Amino acid sequence: MGNRIPDELVEKVRQSVDIVDVVSEYVPLKKQGRNYFGLCPFHGESTPSFSVSPEKQIFHCFGCGAGGNSFSFLMQLEGINFQEAVQQLAEKTNIDLPIDQTDIVQNPQSTEQAVMYEAHEFVKKYYHHLLVNTEEGKKAFDYLQSRGITKEEIKQFEIGVALNSWDAVTKVLQKRGYPMSIMEKAGLVARSEKDGSYYDRFRDRIIFPIHNHQGKIVAFSGRIMGEGSPKYLNSPESTIFHKGKLFYHFYQAKNAIRKKNRAVLMEGFADVIAAYQAGVTEAIATMGTALTEDQAKILKHTTEQVILCYDSDNAGINATEKAANVLQKEGFTIKVATLPDGLDPDEYVRKFGVDNFQSAIIDASVSLMSFKMQYHRKGKNFQDETVKFQYINEMLQEIKKLPQLIEQDYYVNALAKEFSISADALRSELQQFQNQNQNQSSNKNVQRNYDRKNDYSTSTLLPAHLKAEQILLAHMLNSNEVTEKVQIQYKGLFYNQEHSEIIIHLYAYYEDGNEPNISKFMNYLPSKRLQDVVARIVNVPVAPDLTDQELKHYLDALNNYDKQQQIKEKEVDLKKAEREGDFVKAATILQQITQLRSSMKYVK
């Protein structure tokens, strides 16, 4: 199985979790019949096609074809390996797993990353201790309190301080035996080009720990106290820290995000803390950079709605538009919380108080389209007709991006009313914009449709032999008895390469004494590709039992296809014999072809 966790423990972990609970931590699910459905976390979609079966303990997306069990779900979603997925679920169920030292020796990168995680956790505690328990940290502690951050919030967000020292952390890490070369890769220390000595990366700064989405500390961000540049200094990227794939406070906020089905996206760490003070516990922030597509995809696993709450200056407004464009591509419902001119969320809370922020700012957020209409009209002289028509065209370009026709119609009417223009004329203009987009994408759609027609996995009109393979496999996955009958009565492998690979693993699975269990069998498959195929096949509608007559029917379809392939080969030989004038050989081949055709069974 390619892992060093004993099989019996893997099975114990698998049985101890419910895949519905596992998936629900990432995807909002609704029960429909026997299964649960939600939006697929592996591809963008607006209509739920992602199915989770509590009975079979597997998931399957009817849109992109992804499928598997609880382990493979975590592996695909979080980019971890099988052993890490087992360990993650084992921790949730309090199952102790043995540490395999041979795996550590053979996988030094895994060891290095483990050291990085451990060192970050230690340094986080060290920075926090300096802030709350030492005289050296009192200046930073007083500074935070002057900004309205209480001792409880310092503890909640694990805030710390880096002393104004060149090597305080370096010495502590060396004393603890951490390898300095790994600490440099982790971004905890830096190395002098002059003499090769190591020194602290963060000095005289407030320290904000950064968790990954599984809750491990992977980096720090240091904020200067008072004026200076850079305002924030982040850890460099490493094998455990990729700032374009993480949100600040996401790990702590994800339950609140799921519960409220929205995330409030901000620019700064102090903004998130201020929002938390005001009861906006679903607040998160980017890592000092523009929102990335990776971040948007990760967020889509948890919620479908985002409220953008950026600074109210020009830079913040531009950042809001850029973030909205990224979120629109992923199909989010987007709202914008607007602040008074010149204020950021942290400043607003300190000026107007925590009680006012949620009601006056967050709950009063407007639709993205309303925000754009307000933003783009600022400073424009609509007495100038050129400016006015340019603005109308800009708004029509934005309206065409709206997914629902009723939304488009609403804003077209609003524009028409505001500027005393015929709504029909605006609709005609909008239609022209949309036609241009359709023409640009037509070639892509033609190719996509061609690909679908030639993809057996998505076609409902399968050739008889492929349909037979699918139905037989569906029954074999649920029955050892059917598998034995197929193995005895059909000596060859299936023609579809993936199907043939699956039955080889299925034969071995049953020979090991296992009972039919789709979720458990997934662990025997060596690739995500095969897991996806199995997840699709078990969703093929079949009768509960396969009769001997039905079995014969499907085996006849496979045998007929075998003979069709033999006939094609012999027809090539026949033409060759006729060209060479060997009519005796040609007559023999023709007789063989006739016999093959007469032996083929009639299959509906």
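In which helix is Arg579 found?

Reply: A caution comes first: this is a predicted model. Arg579 is found in helix H26. That helix covers residues 548-579. Arg579 has a relative accessibility of 65%, so this residue counts as exposed. The cut-off for that word is over 50%.

Together with Lys575, Lys576 and Lys585, Arg579 forms a positive surface patch. Helix H26 supplies the largest share of the patch, three residues.

Asp7, Glu8, Glu511 and Asp512 make up a negative surface patch. One of these residues, Glu8, sits in helix H1, which covers residues 7-16. The relative accessibility of Glu8 is 59%, so Glu8 is exposed.

Step back to the charges of the whole chain. There are 72 positive side chains and 78 negative ones. The centres of these two sets lie 2 Å apart.

Side chains of opposite charge can pair when their charged atoms come close. In this structure, 27 salt bridges are found.

Start with Asp346 and Arg147. Asp346 belongs to helix H15 (residues 345-352), while Arg147 is in the loop between helix H7 (138-146) and helix H8 (151-156), so the bridge ties together parts 199 residues apart in sequence. Both partners, Asp346 and Arg147, are buried.

Next come Arg262 and Glu282. Arg262 is in the loop between helix H11 (250-260) and strand E12 (263-266), and Glu282 is in the loop between helix H12 (269-277) and strand E13 (283-285), so the pair ties together parts that are 20 residues apart in sequence. Arg262 and Glu282 are both buried.

Arg377 lies in helix H17 (residues 368-377) and Glu418 in helix H19 (residues 405-419); the pair links distant parts of the chain, 41 residues apart. What about exposure? The relative accessible area of Arg377 is 30%, so Arg377 is partly exposed. Glu418 is partly exposed too, at 36% relative accessibility.

Charged residues can also join in a network. Glu121, Lys124, Lys125 and Glu158 are linked in this way by salt bridges.

Now go back to H11. Its buried residues are Phe250, Ala253, Lys254, Ala256, Ile257 and Arg258. They pack against several elements: helix H2 (19-24), strands E12 and E13, and helix H13 (293-300). Just after H11 comes Asn261, with a positive phi of about 50 degrees.

Another buried residue is Thr320. This threonine lies in helix H14, which covers residues 314-329. Thr320 has a relative accessibility of 4%, so it counts as buried; the limit for that word is under 20%. Leaving aside residues up to four places away in sequence, Thr320 touches Leu308, Tyr310, Val336 and Phe371.

Gln156 gives another view. This glutamine is in helix H8. Its relative accessible area is 36%, so Gln156 is partly exposed. Along the chain, Gln156 and Leu405 are 249 residues apart.

Taken along the principal axes, the C-alpha atoms fill a box of roughly 100 × 75 × 50 Å. The accessible surface comes to about 31400 Å², with 48% of that belonging to carbon and sulfur atoms. Look at the contacts with a separation of 6 or more: residues 24 or more positions apart account for 63% of them.

Finally, return to the starting point. Arg579 is in helix H26, and this arginine is part of the positive surface patch.

Conventions: Residues numbered from 1 in each chain as written. Predicted model: local features only at pLDDT ≥ 70, side-chain atom pairs only at ≥ 80, totals over all residues. Heavy atoms only, no water. Patch = residues over 30% accessible without salt bridge, like charges linked within 9 Å, V, L, I, M, F, W, Y side chains within 5 Å. Areas by Shrake-Rupley, 256 points an atom, 1.4 Å probe, with all protein chains shown as cover. Salt bridge = Lys/Arg side-chain N within 4 Å of Asp/Glu carboxyl O. Lys, Arg positive; Asp, Glu negative; His and termini not counted. Charge placed at Lys NZ, Arg CZ, Asp CG, Glu CD. Helix = DSSP H or I, 4+ residues; strand = E, 2+ residues; numbered from the N terminus. Buried < 20%, exposed > 50% of the residue type's maximum accessible area, 1.4 Å probe, protein only. Contact = heavy atoms within 4.5 Å.
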